[in-house]
Amino acid sequence: MPPDADHPEQIYVTTPIYYVNDRPHIGHIYTTTVCDVFARYHRFSGRDVFFLTGTDEHAAKVVDAAAERGLTPQQWADRNAGEFRDTFQRLRLSHDDFIRTSETRHIQRVQQYVKALLESGDVYLGDYEGWYDAGQEEYVPENKAKQYEFKSPINGKPLVRKTEKNYFFKLSAYREQLLALLESSETVDGCTFDVRPAARRNEVIQRIKDAEDVPISRTGSTGWGIPVPGDEAHTIYVWIDALFNYLTTVDIDDRRKYWKSGPVHVIAKDILWFHAAIWPAVLLALRKCNGYEWVNLPKLVYSHSFWISEGQKMSKSLGNFIDLEKIDEYVERYSLDALRFFLSAEGPLGPTDSDFSAAQFHECYNTNLVNTLGNCASRVAAMIGKYFDGKVPDPGNSKRELDGYVWPQTTGDIVSSCCAAYDAFDLYNAIDGAIGLIRIVDGFINATEPFKLAKDESKRDELSLILYQCAEALRIASLLLWPVCPDKIAELWRAYSLDINPAAGTLHELAQWGGLKPGTAIKKIALFPRLDAPERSTAAAT
Ligand code: MSP
C-alpha cells in the first residue's frame, strides 16, 4: 500500500549492537547494510523511519581485550566504537542514531527499567548454578551442555561449572504467553510478535517449552558495567543491558512513536534466543509496570544466517576472513554499490549460510550490474543519442502495445510485487523484480530491433515509441534499485536528467507509468566497468 503523505507510518529498524572487543568485519557490515537498504526503501516510500545501530560495550571480553593492551575498558571501547562509527560513515550507512551502551542516556534508563522490574517481582534475587560459556557470556542449559559434551556449541571451548548469587528474570512465567504469540499471528494482550524465517521461529518455540528463569546480574564486577539499582555489588548482565538499547534510544518524547510502531530487529541466528525469547518476555514484564503500559513488543525479529567465506567458516588463521581491509579492496575494485548489491542479493537472509567468494562476487557483478543494469542504461542512452539527438522522443500514446508488451501493466505489477517484497524484508525478491524488469527491457529491444527500424524513415513513430518505453521502464526499475545502489542510480538519474530526491518520499508517485517527459536530455553513461575475473580465489584484487 502506498503510504499516506499526511500521516506517515513509522518504521523502526535496528541492527544488533556490536561488541567493541574487535574491529568491524563483513558480518557487522552485512547486517547494517541490509537494514540500510530497508531504511532507504521506506524513506523513499514516504515513511517516517528511524534506523538504529551502535555498540555493546560492557562485555567481559572488552575488559580482557583492553587489559591485554594496557588500556582501560573505556579507552578500548572508545577506540573501537570510533572504528565502527567511522566505518559505517565511510560506507555511507544511513542510521539515524548510533547508541553506545556506556553512554549516560543508556545507563540511566536501564537502571530505571531494572528498578521497575525489581518492584514488580519479575526480577528477584536467587542462587544459580550452571554451565557457563565464557566466550558467549551465557549459561548453556543442562540438556544442551550434555548434547555438546560440555563444550561451547559456538567455539568448542570447555564450559565452566559456576555458582552465583544472582538476580533472575522470571522467564518461566512468560512461557505460555510467548508460545501463544509465536504459534499464532494473533494479538495476545494487545501485542503481536513474529520471528522469521519460519525455521528460526520453530527453533525458538521448541526451546521456550522448557525455558527456565535467567540470571541477569553478576558479582565480582570489574567496575565495568551497569550496577543493579540498590545493590551495587551486582552488575547487570551484559545481555540484558544490551537488549535494552533498542528501547533506551527511543524512550524520549519525540521518539516513543517509533517504539510504538513495533520495531523490526534484524540479527543473525547466533543471538536468536536473546531476541526471540528473553527480550519479548522482558518487554511483557515491563509493560505491566507503572508508567510503561505503552511498551509493546517488536513487530518482527528477522534472524538471518551467516556468511562463510570461500566455502568455509571465516577464520583469521585460514586466511579467509573478510575484514575491513578486504572489504575496502572490494569497494575500490568494484564500487561500494557493487558490494551493497552482492550483500543484499546473495547474502544469507534465508535459513542457510551464504558463501562470500571472490568468484561469486565477480559473477554477480558481471551478470546483474555490468550486463544488465549498466548495459541497458548505456544501450538506451546510446540509441536515444544516435537517433533522437539525445532527447527522449515523443511516443504519442506511450501505452500503445508493441509485440505483445503491455508496459504500464508490466511495470505496475513489478512495482507492486517488488515493494511488497521490500516491505517483508525479502530483499532477494525485491532485487530480482527490479533486475527482472531491466531484463524485460533488454528482451523488448531484441524483439523489436529499434536499430533496424532506425534505417527506415517511415518507422520513425514506432522507433519513438520503443525508445520511450525502454527509457521509461528503465526509469521505473531505477527507482526500485535505488535503495540497494544509491550512488550508481543517482549517477543514472543525472545522465537521464531526472531530478529525483528520495528524501521527498515519492517512490510510489514516481513509479507511475508516463512520468518521463518527452524532450528530456539523456547523456551517454557507463555505470559499471567490465573487469577481469579475480586471479586468486581468496582475494578481491590482485
Ligand atoms: N553484542 C551482541 C549483540 C547484542 S544485540 C542487543 C553481539 N555482538 S557481535 O559483535 O558479536 O555481533 C553479532 C552480529 O553480527 C550477528 O548477530 C550478525 O548480525 C553479525 N554477524 C557476525 N558474524 C556474522 C557472519 N559471519 N555472517 C553474517 N552476520 C554475522 O552478538
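1. R530 sits in the segment after α20 (507–510). Helices (H or I, at least four residues) and strands (E, at least two) are DSSP runs, numbered from the N terminus.

2. The model is predicted: local features need pLDDT of at least 70, side-chain atom pairs count only at pLDDT 80 or more, and totals for chains, interfaces and linings use all residues. Residues are numbered from 1 along each chain as its sequence is written, and side-chain values use heavy atoms, with hydrogens and water left out.

3. Is R530 buried or exposed? R530 is exposed, as its relative accessible area is 59% (buried means under 20%, exposed over 50%, partly exposed in between; 1.4 Å probe, protein chains only).

4. Setting aside residues up to four places away in sequence, R530 touches V370 and N371 (contact means heavy atoms within 4.5 Å). With the side chain of N371, the side chain of R530 makes a polar contact at 2.9 Å (a pair of N or O atoms within 3.5 Å; within protein, one must be able to donate a hydrogen and the other to accept it, and residues adjacent in sequence count only if both atoms are side-chain atoms).

5. Between the C-alpha atoms of R530 and G126 there are 64 Å, and the two residues are 404 residues apart along the chain.

6. A separate topic is the second largest pocket, which is lined by 21 residues. Those nearest its centre are A59, A60, E137, R218 and T222. A pocket is an open set of points on a 1 Å grid over the protein atoms alone, where a 1.4 Å probe fits, with protein on both sides within 12 Å along at least five of seven lines; lining residues have an atom within 4 Å of a point.
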